[in-house]
Structure formats: structure tokens, C-alpha cells
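Have the model open beside you as you read.

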Amino acid sequence: MKKLVALALAAALGITTLLTGCGSSNSSTSQKNPNSSTQASESQTTKQVTLRFSWWGDDTRHQATLNAIKLFEQKYPNIKIQAEYAGWDGYLDKQTTQLAGGTAADIMQINWNWLPLFSKDGNGFYDLNKLSSELGLDNYSKDILATGTVNGKLNGIPVAMTGRVLYVNKTIYDKYGATIPKTWDDLINDAQKFPSGSYPIITGSYDSWLISMTYAEQVTGKPFLTTDGKLNFTQDDIKTALSFYKTLLDKKVTTPIQAIAAEGGNGLAPIAQLPSFLNGKFAGLFEWTSAISKSATPIKEQNMELVTAGLPMNSDAKTSAAILKPSMLFAINKDCKYPKEAATFLNFILNDPQGVEAMGTSRGIPVSKSALETLKKDGKVSGLELEGLQILESNPGLPLSPYLEDPKLQQVYDQTIDKISYNQETVDQAAKEMYTNLQNVLSQITK
């Protein structure tokens, strides 16, 4: 009611002014709302504020976010959100330029590995702990918020969690008499039942490293990287991972990289668009839980069924080595002039039932307690993503390093996998070279 009175008074007096988040030093008159967390950030400002919000995604995410923005602006007519959105390709380069040049948006969707890239000391983004009530942080567990915290400063609020799980085309597996694999040995044995030219799974270069790393962590019981960016694998541990990948190739379990390239992919192929994935010749994938719907939908359209196989483990595994991390986070620019208004917007799309319903699961199954309750009531929390998350959460793995997905490290993973797939190096040669290259890159990116 106070807000309505304040807005009515402002309108009556004609004192509304137009300001842009990062372009003015004028302060707002926001006040905290003492009510519940989902209402905690009700903005009391009487000034017109415009905030820039940037994100990447597909058309579904863009439309859901635009719908949420429209609802937010109806509820908070004094705050305008300027949408800046695009696909993933080139997005990191653009954000790197904007952050370096001081022209980044007020509110940003960021990747988890951006925290060590842009905020090693925790000062690269606004400390969201200062906006606890406005953001409704009581909707998140301490463990969840810890994943977005650097040096004690909350740099980003995780939107959803995601992890790598094996999904298989049950229709094809049934056709060839293969079993849904519970162990790596099961998966290797399944390959013997597939005809020439067909494979139980498809793995691009990065997928191949992650599945091999997972196997090696299960064998050694050691994390590949420490959380502060040190290489924890020895050269022999890397050899264990790469030997497993060579076995998957030799036993015709997974597609060689050249088979993906032959269909228009380049090792980082959009798997769901490959003809051999759509016709069932490539019959499974090790995919992020948050992205699985993009592959499941076209398979369903072909009258086939993708199912959750889980995380294979042999009986002697020392750990599940489950990969589980924030799928993405929302951050506020450290130079934003209106952080409370920015927090009001984030609270709306993350916790407010109206905003949550508009956003849906376009960024994965949310970790906010209030958002999860809202979507459960709407029957929107189910399916392959949920099944995958439940498996990962019930089989916790080793601490995951935010450096794992650093772009320079990914280049090392991809180049190593490609050299083995193209028979350009033996496993011994590749392990030695990869160990050296990883050490060199880590020494650069952890300075």
C-alpha cells in the first residue's frame, strides 16, 4: 500500500524523472519491505529507473524472460528493464569487452566459470550479501549460495543446478537387445550388440573429456582440479582417463570425432541436429541435465524415447565423481547505481510466483525454494532433467573446481581428445602433452 501511495503521490505531483542504472549518480529512495522474502524487495522508489539486463539463450528463454520483464514493469512501473539478449556464440567475448570497458549491463546472467575469470578476489561483481532482504536470500541454502561466493562475497545467485548424466535412446537400445547401462562395463558390452556404424553414445570433444575424467575420478578417488585451480591429477591419472576414452573408441562405444565432423559437426556439434542422432544411429549422450530437453524433444518427434540411464559406475569405484554445478547465475554490476532496484527485479524473476511462472524452467529447475514450490504446484517440475538431478544429488561426488570450464582449459581438453580420435598421438604421448599444457594454462589463469 505504501508503494501505491508513493507512486500515486509522485504521479500527482509530476516529479517522475528518467534515469539509467549505470549512467547517473543520483540515488534512489528504496526502502526495505518487512514482509515475506518473495515480497522483500518491493521498491519504494518514486523515480523512474532504467536498468539493463543481459542474458544468453535460445528463443524459448528469450520469450519467457521478455514475458517476465513485462509483468515486472506492470508491477513496478517506476523500473524499466532494457533487455539485451543473444545466443551463446560470441557472448563471452562480448561480455569480456563490456566488463573491461565498464559498459556491462546492470544485471547479468553469468556462467559459473566467470567467477574466477572476472572476480578472483570477489570484487568483480556486486556483493549480493548487502541486498539479502531485497533478494530473498532465505530462499536458498547456504550450500547453494556458497557456489556463488568468492572470498566471502556473494557474486552471483545460482538460478539452477546442472550436471552430467547419461541418457540413452531406449527405443534403439530395445531394438538391439541392449540393456540400460548401470556400469561402464555394461556400456562397453552394449556396443557389441550395435550394428556397424551405430554407437551406444555420441560424445563430442568436450563431452569425451568429461566422461573420461569422470571415469578416472571414480578409479582414483581424486578430483581432477582443486577448487582453487591446481592440477590434482598426475600424468598417470590423465593417462587413466585417456586410456578409457581410447577403449570407448576401440570398442565402438562412442563416435569418433571425425564421424561427428562428417555430419557437419566439429567436435562441439549440436548433437540434437545430427542426422545420425535423429535416426538412432547415435543412441545416447552424456549431457547436462539442464540441456537434455533440447535432445529429447526431436527424438520424441521421431517416435522414439530418450530415458535417463544415470551415472555409470563399476563396482570398484571410489566415488561417483558426479559433476554438479550451477547452470548459471544472476549477478549485479559492481558499478550499478541502483542495486536495490536491480535486486527487486531479480527477486521478482527468481522468487515471486508471478515472475517464476513466467520464467518457467527456461533456465532449468530453479533452486529457489519459493520458485520450486510455485512450479511444482503448476506441474512443471518433472521429466528427464529432474530425474538426472535426483541421481546426481543422491550420489554426491568430489568438490568441483570452477576452473574446470575455463575456455583455455577446454581448448586443451578438445585438442587432446581430437589427437587421440584422429590417431595423431598415442595415449602415452597425449597424456604427457596434456599434463604439461594443463600446468601451463593453470599457471596463467590462476595468477
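Threonine 214 sits in helix 9, which covers residues 205-220; helices here are DSSP runs of H or I with at least four residues, strands are E runs of at least two, and both are numbered from the N terminus. This is a predicted model, in which local features need pLDDT of at least 70 and side-chain atom pairs count only at pLDDT 80 or more, while totals for chains, interfaces and linings use all residues. Residues are numbered from 1 along each chain as its sequence is written, and side-chain values use heavy atoms, with hydrogens and water left out.

Is threonine 214 buried or exposed? With a relative accessible area of 0%, threonine 214 is buried (buried means under 20% relative accessible area, exposed over 50%, and partly exposed in between, using a 1.4 Å probe and protein chains only). Leaving aside residues up to four places away in sequence, threonine 214 touches Trp184, Phe286, Leu311, Ser320, Ala321 and Ile323, where a contact means heavy atoms within 4.5 Å.

Now for the charged pairs. Side chains of opposite charge can pair when their charged atoms come close. Searching the whole structure gives 12 salt bridges, each being a side-chain nitrogen of Lys or Arg within 4 Å of a carboxyl oxygen of Asp or Glu.

Next, find aspartate 428, which forms a salt bridge with lysine 239 at 2.9 Å between the closest N and O atoms. Aspartate 428 is in helix 19 (residues 427-445) and lysine 239 in helix 10 (residues 235-250), so the pair ties together parts 189 residues apart in sequence. Aspartate 428 is partly exposed at 44% relative accessible area, and lysine 239 is partly exposed at 32%.

Glutamate 405 and lysine 325 form another salt bridge, with 3.3 Å between the closest N and O atoms. Glutamate 405 lies in the loop between helix 17 (384-394) and helix 18 (407-421), and lysine 325 in strand 10 (residues 324-332), so this pair ties together parts 80 residues apart in sequence. Glutamate 405 is buried at 12% relative accessible area, and lysine 325 counts as buried at 5%.
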